[in-house]
Amino acid sequence: MIPGRRLAVRRILACGLAAACLLLGGCIYLRLLELKLQLGNFDRHFALETADGLTLVCRSPVLRADDVRWIGLKPATIRREPGAEHWQVRWVKQLPPGVTEPEALDLALDLDFTDGRLARAVVAEKYFALMPKSFVADVIRSTASGQVDKSARRLQTTVTAQARPDLPAIRRLLGVPSEEHAEDTGTSLRYRYVPVTPEAGATALEMTLRFATASGELLRWHARTPVGSLAFDFAGTGAQK
């Protein structure tokens with residue numbers, strides 16, 4: 001076959017495969033790629049509202065409800081309205097054996113879908129009593145420039161966040177960790193959360209935060225999800241209590 005025709009055939013096959021995936025309702029990877037491209041032009045495709053908690057508004061919604069489930073976010077409750085669904089995703093912390101806390105310090109996330117696509121993600125105001133909203137915004141924005149290791153299914157990025165929670169603030173915010181390891185130079189807190197959901201196949205969420213032992217400054221935040229891991233290294237100084 002003539003080289004030019006081979007190239008044309010390959011392009012046609014590739015386009016056909018992409019079209020078939022879309023018609024079959026699949027192609028989650030294409031939508032995730034589109035999402036990553038949107039993050040690269042953050043202000044065009046997203047807005048951050050901070051009046052009540054922290055709300056990520058998707059101006060060009062791309063993820064479907066099944067995509068969000070595949071990522072590992074399965075709802076504890078669903079409230080349905082015409083053309084819309086409102087999810088609450090909840091995780092219960094696993095404490096060390098024999099340890100109790102006076103109140104449950106669990107995690108929750110509210111997700112709003114419009115016409116089947118994720119339109120808003122809301123973190124409640126109570127989580128920001130000890131954690132600057134600007135810190136979370138910097139973490140979200142940093143994912144656009146993250147390096148993806150496909151074989152390890154890991155995204156790693158460096159975050160420049162002048163205001164960020166320190167070790168005492170995280171202890172007050174998240175409570176007793178599932179595990180703790182302290183050394184002269186660094187202290188690591190590991191939190192493991194089990195999802196609350198009636199849906200089958202939900203798996204745990206794990207977070208490990210590493211701090212400088214002497215100053216309490218947050219150095220690294222590693223999260224393990226059902227589909228891969230996220231690693232955030234922090235540059236600059238100025239841990240926020």
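Predicted model: local features only at pLDDT ≥ 70, side-chain atom pairs only at ≥ 80, totals over all residues.

Biologist: Which way do E3 and E4 run, and how many bridges join them?

Modeller: They run antiparallel, with five bridges. E3 covers residues 77-81 and E4 covers residues 84-93. Glu-81 stands opposite Ala-84 in E4.

Biologist: What do E3 and E4 form?

Modeller: A hairpin, with two residues between the strands. Gly-83 sits in the turn and has a positive phi of about 75°.

Biologist: And E4 with E5, how many bridges there?

Modeller: Eight, again in the antiparallel sense. E5 is residues 107-114. Trp-91 stands opposite Leu-107 in E5.

Biologist: What about E4 and E11, how many bridges?

Modeller: Four bridges, antiparallel. E11 spans residues 186-196. There, Lys-93 is opposite Tyr-193.

Biologist: Changing topic. How many residues are in H2, and what is its reach?

Modeller: H2 has 13 residues, 28-40. From first C-alpha to last it reaches 19 Å, close to the 18 Å expected at 1.5 Å a residue.

Biologist: Which residues of H2 are buried?

Modeller: Ile-28, Arg-31, Gln-38 and Leu-39. Down the axis of H2, the buried residues fall within an arc of 100°, so they line one face of the helix.

Biologist: What does the face turned away from the buried side of H2 carry?

Modeller: Exposed residues: Tyr-29, Leu-37 and Gly-40.

Biologist: On to the largest nonpolar core. Which residues touch the most other members?

Modeller: Leu-111, Phe-135 and Met-207, out of 43 residues in that core. As a general point, nonpolar side chains tend to be buried together in soluble globular proteins.

Biologist: What is Leu-111 in contact with, leaving aside neighbours within four places in sequence?

Modeller: Among its contacts are Val-68, Leu-73, Trp-87, Val-89, Leu-118 and Ala-121. The list also includes Glu-85, His-86 and Arg-120.

Biologist: Last one, Thr-143. Where is its place?

Modeller: In the loop between helix H5 (133-142) and strand E7 (147-149).

Biologist: Does Thr-143 count as buried or exposed?

Modeller: Buried, because its relative accessibility is 15% and the cut-off for buried is under 20%.

Biologist: What is in contact with Thr-143, sequence neighbours within four places aside?

Modeller: Lys-36, Leu-39, Leu-155 and Phe-232. Leu-39 is also one of the buried residues in H2.

Definitions and conventions: Residues numbered from 1 in each chain as written. Heavy atoms only, no water. Pairing = 2+ DSSP bridges. Expected span 1.5 Å × (residues − 1). Buried < 20%, exposed > 50% of the residue type's maximum accessible area, 1.4 Å probe, protein only. Arc of directions from axis to C-beta. Core = buried A, V, L, I, M, F, W, Y, C linked by side-chain atoms within 4.5 Å. Contact = heavy atoms within 4.5 Å.
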